[in-house]
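Hi,

Here is the structure I promised to pass on. Have a look at it first, and then read my notes below.

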Amino acid sequence: QVQLVESGGGSVQAGGSLRVSCEASGGTLSDYAMGWFRQAPGKEREFVAAISWSGISTYYADSVQGRFTVSRDNAKNTVYLQMASLKPEDTAVYHCAADSWPYCSGDHCYAALSYDYWGQGTQVTVSS
């Protein structure tokens, strides 16, 4: 069973940048597509970004397209979410998730229900 641990969250001013990481243990990261989701207080969990097992295919929510970049280093069993031009509305707990179907195509990787393993999350707070 894969365990996922996020790190790198924190507080930043609007317009700033932050990188969050997700390290996997208990499994081989390259067996999984990986996703990032976020949840703000009082709101539902929403899709942010996803990446196929190879890193060739990436997907983004419209709200972060052009500002966030998802990447992975399978040798380090780690996935990253680089966030730039941050806005107060990006404030949320960010979770990474692993999908046993590694190809992440179509609508599959946008849905939280597609993912089998989840991390506990890391808080990102953007102040105006």
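A quick definition to start: rings of Phe, Tyr and Trp (its six-membered ring) count as a pair if their centres lie within 6.5 Å, and a pair is stacked if the planes are under 30 degrees apart, edge-to-face if over 60, and tilted for the rest. With that rule, the structure holds eight aromatic pairs.

Before I go through them, some housekeeping. This is a predicted model, where local features need pLDDT of at least 70 and side-chain atom pairs count only at pLDDT 80 or more, while totals for chains, interfaces and linings use all residues. Residues are numbered from 1 along each chain as its sequence is written, and side-chain values use heavy atoms, with hydrogens and water left out.

**Aromatic rings**

A pair of aromatic rings is described by the distance of the centres and the angle of the planes. For Tyr-32 and Tyr-117, the centres are 6.0 Å apart and the planes stand at 85°, so this pair is edge-to-face. Tyr-32 sits in the loop between β3 (18-25) and β4 (33-39), and Tyr-117 is in strand β10 (residues 117-118), so the pair ties together parts that are 85 residues apart in sequence. (Strands here are DSSP runs of E with at least two residues, numbered from the N terminus; helices would be H or I runs of at least four.)

Are these two tyrosines buried or exposed? Buried means under 20% relative accessible area, exposed means over 50%, and partly exposed is in between (1.4 Å probe, protein chains only). Tyr-32 has 12% relative accessibility, so it counts as buried, whereas Tyr-117 is at 21% and counts as partly exposed.

Next come Trp-101 and Tyr-103: their ring centres are 5.4 Å apart and their planes are at 70°, so they are edge-to-face. Trp-101 is partly exposed at 39% relative accessibility, and Tyr-103 is partly exposed at 49%.

There is also an aromatic cluster made of Phe-37, Phe-47, Tyr-59, Tyr-110, Tyr-115 and Trp-118. Click on Trp-118 and look for Arg-45, which lies over the face of Trp-118 at 4.5 Å from the ring centre. The rule for a charge over a ring is that NZ of Lys or CZ of Arg is within 6 Å of the ring centre and within 35 degrees of the ring normal.

**The sheet**

Now for the strands, which pair if DSSP finds at least two bridges between them. Four strands make an open sheet in the order β1-β3-β8-β7, with antiparallel pairing. β1 (3-7) and β7 (68-73) are at the edges with a single partner strand each, so one side of each is left without a neighbour in the sheet. From one strand to the next, the twist averages 15°; the axes are lines fitted to C-alpha atoms (for helices over the stretch in contact), and angles run from 0 to 180 degrees between N-to-C directions.

How many bridges hold β1 and β3 together? They pair in the antiparallel sense over five bridges. Glu-6 has Cys-22 in β3 as its bridge partner, and Gln-3 has Ser-25 in β3. On to β8 (residues 78-83): six bridges join it to β3, again antiparallel. You can find Glu-23 opposite Thr-78 in β8.

**Disulfides**

A disulfide is a pair of cysteine sulfur atoms within 2.5 Å, and the structure holds two of them. The link is right-handed, with 60° about the S-S bond. Cys-22 is in strand β3 and Cys-96 is in strand β9 (residues 92-99), so to speak distant parts of the chain, 74 residues apart. Both ends are buried: Cys-22 has a relative accessible area of 0%, and Cys-96 is at 1%.

The other disulfide joins Cys-104 to Cys-109, with S to S at 2.5 Å. With 90° about the S-S bond, the link of Cys-104 and Cys-109 is right-handed. Cys-104 is buried at 0% relative accessible area, and Cys-109 is buried at 0% too. Counting bonded cysteines along the chain, the pattern is 1-2, 3-4.

Last, find Thr-122 in strand β11 (residues 122-127). Thr-122 counts as buried, at 11% relative accessibility. Its side chain reaches the backbone nitrogen of Gly-9 at 3.2 Å. A polar contact is a pair of N or O atoms within 3.5 Å; within protein, one must be able to donate a hydrogen and the other to accept it, and residues adjacent in sequence count only if both atoms are side-chain atoms.

Cheers
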